[in-house]
Amino acid sequence: MHWNSVGDFFAMGGYALYVWGSFGACLVLMVVEPLLARKRLTEVRDTLARERLADELDHQSGTS
Amino acid sequence: MGNHGGLEGGIGVKQSIIHWFKYASPQSFYPLAGRMIPWFWAAAAVFGIAGLWISFFVAPTDAQQGEGYRIIFVHVPASWMSMFIYLVMAFWAGLGLALNTRVSGMMAQALAPTGALMAALSLWTGAFWGKPMWGTWWVWDARLTSELILFFLYLGFMALQAAIDDPRRADKAGAILALVGVVNIPIIYFSVKWWNTLHQGSTINLNKAPSMAQTMLWGMLLMALGFWMYSIAVALTRVRAIILERERHTEWVKHALE
Amino acid sequence: MNPLLATVRRDVLLALRRKSEVLTAVFFFVIVTSLFPLGIGPEPVLLKKIAPGILWVAALLATLLGLPRLFAADHLDGTLEQMALSPSPLGLLVAGKILAHWLLCGLPLVLLAPVLGLQFDLDASALGILTLALLLGTPLLSLIGAIGAALTLGVRGGGVLLALLVLPLYIPALIFGAGAVEAHIAGLDVGGHLSLLAAMLVLAAFFAPWATTAALRVALE
């Protein structure tokens, strides 16, 4: 362990902007991308579930 | 008797091939992918945390570049993954063309955005490394330039697939483009390298940055493994969405969502 | 008649009846190269230095301009489907169309380049190398471009998409083509550049018609 304090760690020996700019960009994009992929999946699922419900309602009103 | 054994062996091989082909159908791949995703997320987290620990707390300060060199722990894995994903994408695309399996094309389509993201991260972190080390955000270094072209290839692939409405045609056209790209990548890489050495404009080489200590190598490898597992997890999530989008009118989708 | 030559003859005759299409690409080449000195300034030393790059980039863009029409007209009137069904192999007919595209779009650029090179104060031997490099390079551009034209056939926003697909693949041709002229001006040997261009041309001549045919079959399905 070669950091003397938390402030020392975040200062990154004067390279804070560059180091945290790189790691931060990776972190942000690697959080956003899975969320977007996840959103796409839930959206398709929701649409399909709605369609299914609509079909069932159609069917019920048709037979009654 | 020998004949009989041969027949049985033949059936065994055939069954194992059928067994594998089973997963080539969207119907069985969809739940399989769903079961695999949490494991890849767990692996990504384990490798990522171990990698980050080494990159910030174990790897020593570099004599020449101080703490700034730590960017290497995301830059190099992102560059590796951007190239590797293109190869994997072209592999799936080629498989789809050769065997006409539907999941292959969907896998290729699901991998492209993640590959483009890795190329973008590689360029971004490359710029953030270049600025403190050489005083400029961008150098026409052979590796950075090749990475930029790779990024363009990803964009072209995604734009082509987005522009074609019929998914089967989109898969096949994308597959041809990915294969043409794979043939061209080494040619592009060597031509850019040749161009770079001839012009002697920048004598900088990103990969020769610090004298590679053993711990640095371990940090990079662990981070690369983490990025790899992450890419698989995201691609599988995306491929599940693509499967549902394309197969929405089939019976199995209706039953799968019950 | 040989199906390849028949296709070349047909395409060239068709294009000569509609001269404007051929001339557009040529005018584009002339205008773009002439714009650069206006934008950069008339200093001869600088112009001489950037001439190979400008002429080559303009040649890439001029080639690109003619590509969307390579298969579009034949696709619209159904000729392409007839070609796919005809007894002669589609690959051969496609090779004929690519050759015709080069004769109409590439060759005029090769012939014009030395004249335009004079604008940039290139001397006679540099002009010779420029012409030779373009002679090897422009067929390569037509071959690679044909793959992109086939992939984007009948696709939304085809023209811009085609540029996005094809331009990155043109980079090696640009590097070695413009590099040959630069190396010559710098007094270096250009054999390496030209033989690499020739090698890429041979490689593309084998594989590009094949990939183009595959892409056309996908588009025709």
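Two residues are said to be in contact if their C-beta atoms, placed from the backbone, lie within 7 Å. The structure described here is a predicted model, in which local features need pLDDT of at least 70 and side-chain atom pairs count only at pLDDT 80 or more, while totals for chains, interfaces and linings use all residues. Residues are numbered from 1 along each chain as its sequence is written, and chains are lettered from A, with ligands numbered from 1, in the order in which they are written.

**How the chains meet**

Of the 2 pairs of chains in contact, chains A and B share the most contacts, with 25 residues of chain A touching 30 residues of chain B. Chain C brings 21 residues into contact with 23 residues of chain B. Helices H7 (124-151), H8 (158-185) and H9 (191-220) of chain C each give two or more residues to its side of that meeting, and H8(C) gives the most, with 10 residues; helices here are DSSP runs (H or I, at least four residues), numbered from the N terminus. Chains A and C, by contrast, do not touch, and their nearest C-alpha atoms are 24 Å apart.

**Helix packing in chain C**

The axes of H8(C) and H9(C), which are lines fitted to C-alpha atoms over the stretch in contact, with angles running from 0 to 180 degrees between N-to-C directions, come within 9 Å and cross at roughly 155 degrees. These two helices are therefore roughly antiparallel to each other, a word used for angles over 145 degrees. Among the residues that meet there are C:Phe176 and C:Ala180 in H8(C), and C:Leu197 and C:Met200 in H9(C).

**The nonpolar core**

A nonpolar core is a set of buried Ala, Val, Leu, Ile, Met, Phe, Trp, Tyr and Cys residues joined through C-beta atoms within 7 Å, and a residue is buried if 20 or more other C-beta atoms lie within 10 Å of its own. The largest such core has 170 residues, and B:Met89 and C:Tyr170 are among those that touch the most other members. Leaving aside neighbours within four places in sequence, B:Met89 is in contact with B:Ala108, B:Leu111, B:Ala112, B:Gly115 and B:Ala178.

Conventions. A residue is buried if 20 or more other C-beta atoms lie within 10 Å of its own, exposed if 12 or fewer, and partly exposed in between; C-beta atoms are placed from the backbone. Angles under 35 degrees count as roughly parallel, over 145 as roughly antiparallel, 65 to 115 as roughly perpendicular and the rest as oblique.
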